[in-house]
Amino acid sequence: MGKKDKYDVQKFTGIPVETDASGKYQLKFDQNGEAKLHTWRTGKHTKGKFKHPGQLMMTENNLTVVILKAEPMAFKDRHSETPLQRFLTVDVTEDVLKQGLAELKE
């Protein structure tokens, strides 16, 4: 692959979210009451820009996820993670971000 075909790859850790009755984003919990952390990466066709933790992104399966952590990833390692579709211009509220960051530290 030529150098011009390479792109910066970032790895993102996040938790899927869903909207509550008032339309606000909340962490999505499974039947055991646990929020599941997952990882994704930027792909060649990822739309938008990452700005900060708390921002939402859309996966290729149209799952909305709050980004909790971003870190650089080696281009050669990119196939170990699923690419994300796009970054959204929406953020979760401060309390939902804190709740997600607490899950990240556990």
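A residue counts as buried under 20% relative accessible area, as exposed over 50%, and as partly exposed in between. By that scale Tyr7 is partly exposed, because its relative accessible area is 22%. The model described here is predicted.

**Aromatic pairs**
- The whole structure holds 4 aromatic pairs.
- Tyr7 and Phe75 form an edge-to-face pair, because their ring centres are 5.2 Å apart and their planes lie at 85°.
- This pair joins distant parts of the chain, 68 residues apart. Tyr7 sits in the segment before strand 1, and Phe75 in the loop between strand 5 and strand 6 (82-91).
- Phe75 is buried, since its relative accessible area of 16% is under 20%.
- Phe12, Phe50 and Phe87 are linked into a cluster by ring pairs.

**Nonpolar cores**
- The largest nonpolar core has 12 residues, including Ile15, Leu27, Leu56, Met58, Leu88 and Leu97.
- Strand 1 (9-19), strand 4 (55-59), strand 5 (64-73) and helix 1 (94-105) each give two or more residues to this core.
- A second, separate core has 7 residues, among them Phe12, Trp40, Met57 and Phe87.
- Leu56, in the largest core, has contacts beyond its neighbours within four places in sequence. Among them are Val17, Tyr25, Val66, Phe87 and Val92.

**Largest pocket**
- The largest pocket has a volume of about 190 Å³.
- Its lining consists of Asp8, Gln10, Thr42, Gly43, Thr46, Gly48, Lys49, Phe50 and Phe87.
- By class, 5 lining residues are polar, 2 are charged and 2 are nonpolar.
- Phe50 and Phe87 line this pocket and also belong to the ring cluster with Phe12.

Key: Residues numbered from 1 in each chain as written. Predicted model: local features only at pLDDT ≥ 70, side-chain atom pairs only at ≥ 80, totals over all residues. Heavy atoms only, no water. 1 Å grid on protein atoms, 1.4 Å probe; cavity = no way out; pocket = protein on both sides within 12 Å on 5 of 7 lines; lining within 4 Å. Points joined across faces, edges and corners; volume = space filled by probe spheres on them. Nonpolar A, V, L, I, M, F, W, Y, C, P; charged D, E, K, R; others polar. Core = buried A, V, L, I, M, F, W, Y, C linked by side-chain atoms within 4.5 Å. Buried < 20%, exposed > 50% of the residue type's maximum accessible area, 1.4 Å probe, protein only. Helix = DSSP H or I, 4+ residues; strand = E, 2+ residues; numbered from the N terminus. Contact = heavy atoms within 4.5 Å. Phe/Tyr/Trp six-rings, centres within 6.5 Å; stacked < 30°, edge-to-face > 60°.
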